[in-house]
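Let's take a quick tour of this protein, starting with one of its pockets. Have the sequence and the 3D view open as you read.

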Amino acid sequence: MKKLLQTASLFIAITVLSQGKEYIKFKGSIPNYGKETYKTLTVIDQREDKKIGILPFGNQKEEKEVVFLTSPGNDLGNWYKKGNDEGGSADLVLILKRLKLSVGETIGKNTSGSIDFSAQTFSKEGDQYRFLYKKDTVVTFNNKEIAELLVKNVPNVFFDLFMRTYRKRPVGNAVSINELSDYESFVRNNYAIYKSDQLKDGIYLDHVSFFNQTPEPGNYLLERNEKGEVTKALKEENGKKNKIPAYKMFAYVENGKAYKKGLSGFLDLNRNEKGFYVVSNRGYLFPAASNNTLGMFGLIGGVADAIQQGAEQKKMKKGDKFEIYIDLLTGEYDFPSEL
């Protein structure tokens, strides 16, 4: 028995040592045309499991381990330098929380696969950090050569993170590096909204003001249309009128009840132990995709496109509704990964 275990251990060791590597390659550049510029990019790898995945490649389905060429810090840092020669006073910091590639079942010629990714970005000045953006997603694919496709799309996931980060300004209070280990818990513990069961009536223009419970100053009155839907908020002060249209609102609170702006009007913003959420679906929150090819045929094509888009919107709205939470760091809808 002992000899059998030794043989098995030796076989596993040889298999691991002989296993090939598949490298993630960051090609091109990621120039910053956004609101803020940064001197350098620093990556802090907080992944609990540093293994990205072992996937089957090629016609022979050879098992290879997907790895960075050197390390997340070096690879992403060099990628950033290619398109960002000049920087500002702050540094850009990326906290890598999770990066996993996996292959699922095969149906016909195609195999399913996914990239499970989580990262946060911060602006750093001195020893102080301020939040910029968070990307927490599972991207799914179906393809005959699924392993190759997954690896090729890892840079695209990072690219999207950088492009969204560039458009953001630092928000929230500056924190030390110690708070970055679990920044989300730190923010939750410091937001005023989680310290009270009561919500302040008023108009909120973004998620930060909502979670901090700092509505727009002044006595705003809500105006509604004939259907009872809120169209704007109006206040009159010192003989001057100030108007906030509905589309500019993140949410409003009336008689202690919160309502979140969606594509088709305001939705009840509910609360439980997990956070704040709406019961809805994508059809009520996002516009249906437009078929741009129809627009190429002039007015008639544009009308046809509008009709098709409207039909798709109605179809999306008929889908099942479910709890969709509001991400407390970004204010965006946090959809379950399987939806």
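## A pocket worth a look

A pocket here is an open set of grid points with protein on both sides within 12 Å along at least five of seven lines. Rolling a probe the size of a water molecule over the atoms shows where empty space is left. In this predicted model, the second largest pocket has a volume of about 350 Å³.

What lines the second largest pocket? It takes 17 residues, and Lys-168, Asp-206, His-207, Thr-330 and Gly-331 sit nearest the centre. By type, the lining splits into 8 nonpolar, 3 polar and 6 charged residues.

Most residues other than glycine have a negative phi. You'll find Gln-213 in the loop between helix 5 and strand 10 (221-224).

Asn-255 also has a positive phi, near 55 degrees, and belongs to the loop between strand 13 (251-254) and strand 14 (257-262). Which of these two is buried and which is exposed? Gln-213 counts as buried because its relative accessible area is 5%, under the 20% cut-off. Asn-255 is exposed, at 71%.

## The whole protein

Stepping back, the protein has 8 helices and 18 strands. Of its 339 residues, 36% count as buried. The accessible surface comes to about 20,000 Å², and carbon and sulfur atoms account for 51% of that.

Among contacts with a separation of 6 or more, 64% link residues 24 or more positions apart.

Terms used:
Residues numbered from 1 in each chain as written. Predicted model: local features only at pLDDT ≥ 70, side-chain atom pairs only at ≥ 80, totals over all residues. Heavy atoms only, no water. Helix = DSSP H or I, 4+ residues; strand = E, 2+ residues; numbered from the N terminus. Buried < 20%, exposed > 50% of the residue type's maximum accessible area, 1.4 Å probe, protein only. Contact = heavy atoms within 4.5 Å. Areas by Shrake-Rupley, 256 points an atom, 1.4 Å probe, with all protein chains shown as cover. 1 Å grid on protein atoms, 1.4 Å probe; cavity = no way out; pocket = protein on both sides within 12 Å on 5 of 7 lines; lining within 4 Å. Points joined across faces, edges and corners; volume = space filled by probe spheres on them. Nonpolar A, V, L, I, M, F, W, Y, C, P; charged D, E, K, R; others polar.
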